[in-house]
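Please look through the structure below before reading on.

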Amino acid sequence: MWRGATASICSKLLLSSRAACCRPSDTVSGSHVLSSPVINDILPKGALFSAQFNSNSVAGSWKLGPTPTSHGLDVDSPVEVPFLRSPIATFLASKQLLKASDSALHYGRCYWELSKAKLSMLVVATSGAGFVLGSGTVIDLVGLCCTCVGTMTVAAAANSLNQVFEVHNDAKMKRTRNRPLPSGRLSVPHAVAWASSVGVGGTVLLASKTNLLAAGLAASNLALYAFVYTPLKQIHPVNTWVGAVVGAIPPLLGWAAATGEISPNGLILPAALYFWQIPHFMALAYFCRSDYAAGGFKMFSLYDASGWRTSLVSLRNCLYLFPAGYLAYHWGVTSGWFAVESSILTGCMTAAAVAFVLDRTPKKARRMFHASLIYLPVFMAGLLLHRLPNEQEAQLADSGDSHGRLLSASEARSQAEGDRPLPPVAYASAAPFPFLPAPLYAPPDP
């Protein structure tokens, strides 16, 4: 019966007005009312029942009786814990969880923008394509994943350091002033710590899961982008060509991760990327001339008011892309169909470059820029679709040891070389110029 009375009274009290809420100054029958500042600040008004709990002589038996003059709970009552402390703890925990979630979203968004994640994913795509092209009949999925993750983290570090060095320039440009550093959403020391941690982590991952050549290429590219290309943008227009070298290294990194070496047929995609970047960035720099001028960057288009030289440079580098498909077929990287498809694709991009030469306006430059955005993914898709397995890697991967265990390409290569020590200069491919292949030495005649 008392349970029914309790439910009835509680339902009436929940519908009462705010005047019936607990106040710090209320007293109940000579006892002190619970007046914690934490409760008063956190619990919403109306959360405490306007009732008094009284104890009888039987332990554990409680009765609820309404009191017209009091609106609090007796602090000596054991129901203080289930009715007060539990809601407070739950509310505080949810509040802390919400705060942590907001913080995670904030920093995640800042890291995403600081790393230029979309650009970094494009770099990862070129690196992964290089790995697949360098593989034999069987692709090492674990090695591919490690190569992509390592490339992604190193690219994120390079882009973050780029924004650290250009924070004042970005603040002057419309398209970059809302980045994390110019807008003040993230501090420069925080960005440096983030870039250092992911850069070192990515390099170590590549060194441990692929090979030192791939790790050296990644570290060299980070240094070239952050410490050479970035300051050069404010010094000389040659920065565009240096930046093209930076963009050409990731597919070479992927090839090196798969094969452990650099060979002529592994230069097809890096060369195509190099020549593709010139018209791509020339078009971008032309229709964003005012923005680059405001930022203090020395772009080639700023010294070409008519746009004649800029458009000719773009056209010339589009023409350099024509032999890529034929070389890929001649060197056994792809089938003959890719040579035909690559020529048609390059012809379309060249047509956009010709239109830019004939009508040097921002509209034509933007159209050529969009044509370059379409060219690269289609070109890489054609490479992967028509690729032929790397015969050298396939032979090495098919090699077995004396126990019949299938050897990886690197293990087979090591076994083929034997335990013969290499000359000291052979290790120069790891540092400081990892993009140079290790020289081969013929054994001396007996």
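At 1% relative accessibility, Thr-259 counts as buried; buried means under 20% relative accessible area, exposed over 50%, and partly exposed in between, with a 1.4 Å probe and protein chains only. Thr-259 belongs to helix α9, which covers residues 239-259. Helices (H or I, at least four residues) and strands (E, at least two) are DSSP runs, numbered from the N terminus. A polar atom in the side chain of Thr-259 lies 2.8 Å from the backbone oxygen of Trp-255. The side chain of Thr-259 also reaches the backbone oxygen of Glu-261, at 2.9 Å.

The model is predicted: local features need pLDDT of at least 70, side-chain atom pairs count only at pLDDT 80 or more, and totals for chains, interfaces and linings use all residues. Residues are numbered from 1 along each chain as its sequence is written, and side-chain values use heavy atoms, with hydrogens and water left out.

Now take the chain as a whole. It has 17 helices and four strands. Of its 446 residues, 45% count as buried. The chain exposes about 23,500 Å², and carbon and sulfur atoms supply 66% of that area; accessible areas come from the Shrake-Rupley method with a 1.4 Å probe, and for residues only the protein chains shown count as cover. Among contacts in the chain with a separation of 6 or more, 70% are between residues 24 or more positions apart. Contact means heavy atoms within 4.5 Å.

An unreviewed UniProt entry lists residues 141-165, 186-206, 212-229, 241-260, 266-287, 308-329 and 335-357 under "transmembrane region". UniProt positions are given in the numbering used here, feature names are shortened, and annotations may be inferred rather than shown by experiment. Two of these spans can be described further. Residues 186-206 are 90% helix and 0% strand, with end C-alpha atoms 29 Å apart. Residues 266-287 are 91% helix and 0% strand, and their end C-alpha atoms lie 34 Å apart.

Is Thr-147 buried or exposed? Thr-147 is buried, with a relative accessible area of 0%. A polar atom of its side chain lies 2.7 Å from the backbone oxygen of Gly-143. Leaving aside neighbours within four places in sequence, Thr-147 is in contact with Ser-127, Phe-131, Leu-206, Thr-210, Leu-253, Gly-254 and Ala-257. The C-alpha atoms of Thr-147 and Ala-215 are separated by 9.4 Å, although these residues are 68 residues apart along the chain.

Thr-151 also counts as buried, at 4% relative accessibility. Its side chain makes a polar contact with the side chain of Ser-127 at 3.1 Å. A polar contact is a pair of N or O atoms within 3.5 Å; within protein, one must be able to donate a hydrogen and the other to accept it, and residues adjacent in sequence count only if both atoms are side-chain atoms. With neighbours within four places in sequence left aside, the contacts of Thr-151 are Val-123, Val-124, Ser-127, Leu-206 and Leu-253.

Met-152 is in helix α5 as well. Met-152 is partly exposed, with a relative accessible area of 25%. Beyond four places in sequence, Met-152 is in contact with Ala-117, Ser-120, Met-121 and Val-124.

Lys-116 sits in the loop between α3 (80-114) and α4. Its phi is near 50 degrees, a positive value in a residue other than glycine. At 18% relative accessibility, Lys-116 counts as buried.

The nonpolar interior comes last. A nonpolar core is a set of buried Ala, Val, Leu, Ile, Met, Phe, Trp, Tyr and Cys residues joined through side-chain atoms within 4.5 Å. The largest such core has 40 residues, and those with the most contacts inside it are Leu-269, Tyr-292, Tyr-375, Phe-379 and Leu-383. At least two residues of this core come from each of α4 (117-134), α10 (268-287), α12 (308-319), α13 (323-330), α14 (336-358) and α15 (362-385). Which helix gives the most to this core? The answer is α10, with ten residues. Domain 1 (117-242) and domain 2 (263-389) both give residues to this core, so it lies between them; the domain bounds come from an automatic or database domain assignment. Apart from this core lies another, of 31 residues, among them Val-132, Ala-195, Ala-256 and Ile-262.
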